[in-house]
Amino acid sequence: MAKRSEKPTMMRFEPQSGWSEAPAPGQVISINEHMRELRDTSAESAEQSALEAIPSDTLVDIGESMQEVFESLKISDPRLQAWTQVNAAIRLISGKLQERKTLQERIATLETEIEGVRSLAAELVGNAYRSEQEIHETSKLRMQIAEELSQKLTVALKS
């Protein structure tokens, strides 16, 4: 027969491993355990890259989950409104990250379009140069023909 615990057991959710039992009394757990390694290497850039690595939808889900947890406690303390503000801030961050991603994609598209227009302009310049060369060669040929005709006509008219 299974042994039942006398008290309910506190559980915690870890993003990488899922649900696990809470630590023993007196043991302190950092909410940002999974980000500590990133902070140790390079605090500011690691936080930025960690935020960028998390999809914006996931941020929104985390914010909503936090708000649901604190609302489910049904404690009538007005200070718990802070979690609503946290959720709103996370939604704002998520929206801004999504907007930045969209802008980066648009910039990449524009760079591709610019490169295409540059290639087209280079090709058009090359074609215009070849056209001018042909016009110049034709003009030189016409000058040579005119010069020979002029010499022959001058000789023919004098005789």
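Which residues make the nonpolar surface patch of about 530 Å²? Leu 141, Ile 145, Leu 149, Leu 153 and Leu 157 make this patch. The model is predicted, so local features need pLDDT of at least 70 and side-chain atom pairs count only at pLDDT 80 or more, while totals for chains, interfaces and linings use all residues. Residues are numbered from 1 along each chain as its sequence is written, and side-chain values use heavy atoms, with hydrogens and water left out.

**Surface patch**
- A patch is made of residues with over 30% relative accessible area and no salt bridge, with like charges joined within 9 Å and nonpolar side chains (Val, Leu, Ile, Met, Phe, Trp, Tyr) within 5 Å.
- Accessible areas come from the Shrake-Rupley method with a 1.4 Å probe, and for residues only the protein chains shown count as cover.
- Leu 141 is partly exposed at 48% relative accessibility (buried means under 20%, exposed over 50%, partly exposed in between; 1.4 Å probe, protein chains only).

- Asn 87 lies in helix α4, residues 81–158 (a helix is a DSSP run of H or I, at least four residues, numbered from the N terminus).
- Asn 87 is buried at 6% and is in contact (heavy atoms within 4.5 Å) with residues including Val 60 and Gln 67.
- Ser 94, also in helix α4, is buried at 6%, and its contacts include Ser 56 and Val 60.

**Salt bridges**
- The structure holds two salt bridges (a side-chain nitrogen of Lys or Arg within 4 Å of a carboxyl oxygen of Asp or Glu).
- Lys 96 and Glu 99 meet in one at 3.9 Å, N to O.
- Arg 118 pairs with Glu 115 at 4.0 Å.

Technical notes: Helices (H or I, at least four residues) and strands (E, at least two) are DSSP runs, numbered from the N terminus. Lists of a residue's contacts leave out its neighbours within four places in sequence.
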